[in-house]
Amino acid sequence: MTGLQSRQLVLGIDGGGTKTAATLAVVSDDQNFHVVGRGTAGASNLNAVGLDAAASELQRAVELAFQSAGAEPHTVPVLCLGMAGAGRPVEQNAWAEWAIQNQIAKEVVVVTDAETVLAAGTPTGTGVALIAGTGSLAFGKGADGTQTRAGGWGYLLGDEGSGYQLAIAAIKAILRGVDGRGPETVLQSRFLKALNLNAPEELIGYLYQDPGDRGRIARLSGLVFEAAADEDAVARSILDQGAQELSELVLAVAQRLHFKADAYALALTGGILLHQRDYRVSLLERLAEQQLAPATIECVEDPSVGAVRIAVRQLG
């Protein structure tokens with residue numbers, strides 16, 4: 001413990017709509033870093049769960065990171081918070097104030113969760129980052145520092161191609177089939193079985209019993225992928241539409257930054273993109289069709305490492 005306290009430490013945090021990951025790293029004199037601790041907790045998107053609940057999960061992730069490093073929590077020189085729902089100054093200031101007041105760090109940098117993905121998954125920190133997990137968002141940075149984004153409007157207004165929206169699209173398709181307004185689909189039997197329900201009407205109660213728990217609903221998207229693998233036409237159509245919408249997010253960002261085909265880096269993260277290979281391939285095929293295929297593609301398993309990189313740059 002004494003050894004860690006006497007060395008330069010930074011914290012990088014990736015806070016999302018489903019989980020929060022904290023990474024503690026030791027920084028050497030040449031600005032390289034070595035990860036010494038990791039901690040994981042629940043959702044910390046303050047717009048979805050509120051500041052108090054989000055801060056509680058963030059605090060827990062930090063404490064677990066120190067615990068895994070064999071050290072007592074203490075103030076570090078620099079903390080980078082990459083937080084979902086922190087795209088505006090009001091959210092960024094709220095997080096910075098919380099971190100300073102709770103003596104997490106002497107200096108705090110607050111960015112969006114997409115910026116940490118870009119830092120983790122591109123060689124220079126420039127290019128396009130695409131998140132598709134519970135929600136969805138595309139973020140890009142040009143060589144001149146220009147930044148832009150597309151999507152990320154939340155589950156009521158956007159999150160196209162995300163796990164949440166795929167699951168909602170499936171439930172809507174089930175109910176259209178029940179009404180006779182759409183084709184029948186094996187999604188109905190799969191959803192009812194997975195949720196231990198007896199009739200499609202019971203899906204209403206399931207959805208509305210806790211509408212704020214988006215992760216609970218997003219996890220049902222796995223049933224859509226299973227049905228599509230079994231050649232269900234409705235499920236395949238839902239996934240085709242989702243991949244198209246994700247490609248449009250990337251295209252919007254790439255075009256604003258004047259990126260050319262085979263001349264920009266693409267960083268991908270989120271459970272949907274990381275664990276559903278066919279969905280990822282479908283996205284990339286659509287980018288190629290629009291003559292905007294990336295030069296490099298990196299799947300980012302742990303965006304909190306990108307937050308560490310940003311913190312190290314700030315320390316330097």
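Being three residues apart in helix α3 (residues 51–68), Glu57 and Arg60 are separated by about one helical turn, where helices (H or I, at least four residues) and strands (E, at least two) are DSSP runs numbered from the N terminus. Their side chains meet in a salt bridge, with 3.9 Å from N to O, a salt bridge being a side-chain nitrogen of Lys or Arg within 4 Å of a carboxyl oxygen of Asp or Glu. Arg60 is partly exposed at a relative accessible area of 45%, and Glu57 is partly exposed at 23%; here buried means under 20% relative accessible area, exposed over 50%, and partly exposed in between (1.4 Å probe, protein chains only).

The model is a predicted one, in which local features need pLDDT of at least 70 and side-chain atom pairs count only at pLDDT 80 or more, while totals for chains, interfaces and linings use all residues. Residues are numbered from 1 along each chain as its sequence is written, and side-chain values use heavy atoms, with hydrogens and water left out.

Side chains of opposite charge can pair when their charged atoms come close. The structure holds ten salt bridges, and one of them joins Asp302 to Arg38, with the closest N and O atoms 2.4 Å apart. Asp302 lies in the loop between β10 (296–299) and α14 (304–315) and Arg38 in strand β3 (residues 33–41), so this pair ties together parts that are 264 residues apart in sequence. Both partners count as partly exposed, Asp302 at 22% relative accessibility and Arg38 at 43%. Another salt bridge links Arg277 with Asp278, whose closest N and O atoms are 3.9 Å apart, and both of these residues are exposed. Salt bridges that share partners also join Arg190, Glu226 and Asp230 into one network.

On a 1 Å grid over the protein atoms alone, a pocket is an open set of points where a 1.4 Å probe fits, with protein on both sides within 12 Å along at least five of seven lines, and lining residues have an atom within 4 Å of a point. The second largest pocket has a volume of about 320 Å³, and its lining has five nonpolar, two polar and four charged residues.

At 54% relative accessibility, Glu231 counts as exposed. Asp159, which is not a glycine either, has a positive phi of about 60° and lies in the loop between β8 and α6, but at 4% relative accessibility Asp159 counts as buried.

The loop between β8 (147–151) and α6 (163–179) also holds Trp153, which counts as exposed at 63% relative accessibility. With Leu156 and Leu157, Trp153 forms a nonpolar patch on the surface, with about 460 Å² of accessible area together; such patches are made of residues with over 30% relative accessible area and no salt bridge, nonpolar side chains (Val, Leu, Ile, Met, Phe, Trp, Tyr) being joined within 5 Å.

Technical notes: Grid points are joined across faces, edges and corners, and a volume is the space filled by probe spheres set on the points. Ala, Val, Leu, Ile, Met, Phe, Trp, Tyr, Cys and Pro count as nonpolar, Asp, Glu, Lys and Arg as charged, and the others, Gly among them, as polar. Patches are made of residues with over 30% relative accessible area and no salt bridge: like charges are joined within 9 Å, nonpolar side chains (Val, Leu, Ile, Met, Phe, Trp, Tyr) within 5 Å. Accessible areas come from the Shrake-Rupley method with a 1.4 Å probe; for residues, only the protein chains shown count as cover.
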